[in-house]
Amino acid sequence: MSAAHDIAVRTQGVDISFGSGETKVTALQQTEFTARRGELIMLVGPSGCGKTTLLSVIAGTLTPQAGTVEVFGQRLDKMNQEQLTAFRRKHLGFVFQSFNLIPTLSVVENVMVPLLIQGVGHAEARRRSLIILEKVGLKGREDGKPNALSGGQQQRVAIARALVHEPPLLICDEPTSALDKDTGAQIMEMVRELSRSPDRCVVVVTHDFRIFRFADRIAEMEDGRISRVVDDPSTIESQHHG
Amino acid sequence: MFRLALNMLFGDRAKLAMLLCGLAFSALLMAQQTSVFFGIMSWTYTPVVNIRAHVWVSDPMVEQANDAKPMRDTELGRVRSVDGVAWAAPLHTSFLQARMVDGNFKLITLVGIDADTFAGAPAELSQGRIEDLRLPNTVIVDEWGAQLMGKTVKGADGKMHTVALKPGDVFEINDIEARIVGICKVRRAFTGGPFVYSTYDRAKTYTLGARRTLSFMLVEPNAGVTPSELCERIERDTGLKAWTSDTVIWDWSDRSLARNTFWWFWKNTGIPFSFGTAVALGLFVGIAVSGQTFYSFVLENLKYFAAIKAMGASMRVLAGMLVIQAVTAGLIGFGLGAGMAQAIGRVMIEKGMPPFVMFPQILFATLMLTMGISIVSAIIGIIKVSRVDAATVFRG
């Protein structure tokens with residue numbers, strides 16, 4: 001496979017700023033970021049360094065003011081809102097910090113959402129959702145409400161929802177911040193296991209150094225830029241422990 | 001997604017209950033108040049319903065059915081001579097005081113009908129025979145009047161009870177005896193007074209020989225002549241005013257006495273304003289409560305809608321979800337409100353007060369207005385969801 005084919009996500013010269021005049025805040029400036037197919041890459045850095053903004057750009061929910069964004073060979077910066085919506089529907093899976101499970105729906109109905117958005121029939125969506133719920137260890141809990149589950153179980157539901165439509169790009173925003181150490185480790189183990197595929201890329205934004213060891217590479221951000229990319233996560237993890 | 005939208009709606013029971021309360025209350029107020037309004041307005045043209053005739057003829061200055069301007073008896077001959085008239089009968093109506101046996105006075109509507117043909121007689125008697133009206137000093141009283149003018153007696157339980165009048169009982173009109181020979185079933189009048197039927201000639205006696213006693217003439221057209229055509233001929237040949245008697249509210253003609261009575265009361269009383277205010281209030285309360293509740297429902301679910309939007313749901317799908325939720329709530333709210341209005345109506349009809357007429361059109365209009373409230377609520381929600389940034393899902 002050529003180097004170009006190996007690239008899952010690439011941003012070049014991306015600028016994003018909010019506000020104007022004296023209140024102008026630059027979130028990303030000339031940001032260069034690359035993620036490869038088959039890898040789990042983490043975006044780390046202090047609060048306000050632009051991690052979430054970069055994640056939004058990669059997810060197609062935020063359009064950069066300058067620069068290019070390429071995800072699995074498609075230029076997001078050239079797409080209109082309708083095309084971006086269709087792109088997200090097909091290519092992206094999301095795991096959010098606060099789970100964002102709809103409390104009035106059952107567990108399986110929450111997992112069905114991405115499939116139903118794609119137009120998959122209700123029965124088929126339920127069938128596929130039950131399969132993935134079994135994979136995340138929630139067989140038997142499918143008809144309960146999310147609020148009846150523990151934090152770790154809710155995040156498993158969120159992972160099932162993110163992967164049920166088999167998206168090539170999985171975006172995780174602080175997936176362990178609401179979980180204790182052991183549960184966080186279990187969740188990351190699951191993310192790595194379920195998402196491990198030569199055609200899938202996982203981008204994780206996190207503050208939680210305890211999960212750095214699950215990354216293939218770690219990109220550190222500072223002041224809206226990628227300051228360095230570490231190929232051996234253990235080195236950066238030991239810095240935080242040290 | 002629409003099934004999930006409904007599950008989202010029904011999953012939040014407290015919010016749903018609030019939403020349904022607002023919509024149901026609004027629908028109830030609109031349907032119930034409008035039905036009472038039309039009930040009261042239908043009472044205004046009660047004489048046309050009770051006194052059945054194809055054509056009514058009156059003094060040219062008469063504006064409505066309760067507004068009798070007496071004519072000379074000779075007018076009857078002029079009307080009978082008009083081409084196309086099969087027969088014409090005199091009718092007297094007037095408001096008089098009746099003196100009960102216990103000395104109490106009650107306001108009554110005296111109706112004097114032709115003793116030969118009984119044209120204008122009540123359609124149904126629950127007691128007695130119409131022919132007995134030909135006996136001296138006899139009257140027929142309606143059921144409401146029999147109850148209203150009844151005797152108050154002390155019961156075995158020590159409490160006072162009203163015993164309805166019955167055939168054989170006697171009261172007085174202008175000091176002249178009125179012996180009851182029958183009880184009839186007729187629709188109640190706007191004025192609230194009971195109907196007392198006598199013959200036309202005896203009515204003259206009860207009014208103490210008033211110079212003019214011919215209030216209306218009841219006319220039957222010849223075969224092949226429509227009431228409208230006959231009205232035109234009578235007006236052309238006699239200079240009197242002629243009316244048709246159609247009472248179907250959505251199909252009555254310009255010449256209808258009922259229609260003209262309805263609109264007279266509409267223009268000259270505060271009834272439409274009073275009920276219109278209540279209906280408008282119901283609408284505004286419905287919009288305010290439902291709009292506010294639905295808006296807060298949308299606000300509470302906004303982060304989930306943002307998440308669904310981030311996952312790739314188009315605005316069309318999200319708008320569809322909100323419309324389905326609002327329309328479903330609207331339909332249930334309408335059903336509850338209209339059902340309660342019907343139940344209240346049943347009780348009202350049994351008690352006879354206040355009058356209650358729920359046309360299918362009222363239900364349809366209430367449904368449309370309730371759906372309008374729901375659609376407005378949905379639009380408010382759609383605007384809010386359309387403005388939410390999908391990127392907010394990454395902001396914790």
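This is a predicted model: local features need pLDDT of at least 70, side-chain atom pairs count only at pLDDT 80 or more; totals for chains, interfaces and linings use all residues.

**Where the two chains meet**

I began with polar contacts: across the interface of chain B and chain A the rule finds 4 residue pairs, both residues of each pair at pLDDT 80 or more.

Next I asked which helices of chain B supply at least two residues each to the side that touches chain A. They are α1 (2–11) and α10 (302–310) of chain B. The largest share comes from α10(B), with 6 residues. I then sorted this side of chain B by class and got 13 nonpolar, 5 polar and 5 charged residues.

How many salt bridges are there between chain B and chain A? The count is 0.

For the extent of the interface, I noted 23 residues of chain B in contact with 27 residues of chain A. The two chains bury about 2,400 Å² between them, and 68% of that is on carbon and sulfur atoms.

**The mixed sheet of chain A**

I traced an open sheet of 6 strands in chain A, in the order β6-β7-β8-β3-β9-β10, with mixed pairing.

Strand β3 (residues 40–44) and strand β9 (residues 217–222) of chain A run parallel, paired over 4 bridges. A:Leu43 has A:Ala219 in β9(A) as its bridge partner.

Then I checked helix α2 (residues 51–59) of chain A, which lies across β3, β6, β7 (169–173), β8 (201–205), β9 and β10 of chain A. Against β7(A), this helix runs at about 155°.

**The antiparallel sheet of chain A**

Chain A also has an open sheet of 4 strands, ordered β2-β1-β4-β5, and its pairing is antiparallel. I marked β2 (25–36) and β5 (74–75) of chain A as the edge strands, each pairing on one side only. Strand β1 (residues 7–18) and strand β4 (residues 66–71) of chain A run antiparallel and are joined by 5 bridges. I found A:Arg10 opposite A:Glu70 in β4(A).

**A hairpin in chain B**

My last stop was strand β6 (residues 151–154) of chain B, which pairs with strand β7 (residues 160–163) of chain B in the antiparallel sense over 4 bridges. B:Thr152 has B:Thr162 in β7(B) as its bridge partner. What do β6(B) and β7(B) form? They make a hairpin with 5 residues between the strands, and B:Gly158 in the turn has a positive phi of about 90°.

Definitions and conventions:
Residues are numbered from 1 along each chain as its sequence is written. Chains are lettered from A and ligands numbered from 1 in the order in which they are written. Side-chain values use heavy atoms; hydrogens and water are left out. Contact means heavy atoms within 4.5 Å. Buried area is the accessible area (1.4 Å probe) that two parts lose on being put together, summed over both. A salt bridge is a side-chain nitrogen of Lys or Arg within 4 Å of a carboxyl oxygen of Asp or Glu. A polar contact is a pair of N or O atoms within 3.5 Å; within protein, one must be able to donate a hydrogen and the other to accept it, and residues adjacent in sequence count only if both atoms are side-chain atoms. Ala, Val, Leu, Ile, Met, Phe, Trp, Tyr, Cys and Pro count as nonpolar, Asp, Glu, Lys and Arg as charged, and the others, Gly among them, as polar. Two strands pair if DSSP finds at least two bridges between them. Axes are lines fitted to C-alpha atoms, for helices over the stretch in contact, and angles run from 0 to 180 degrees between N-to-C directions.
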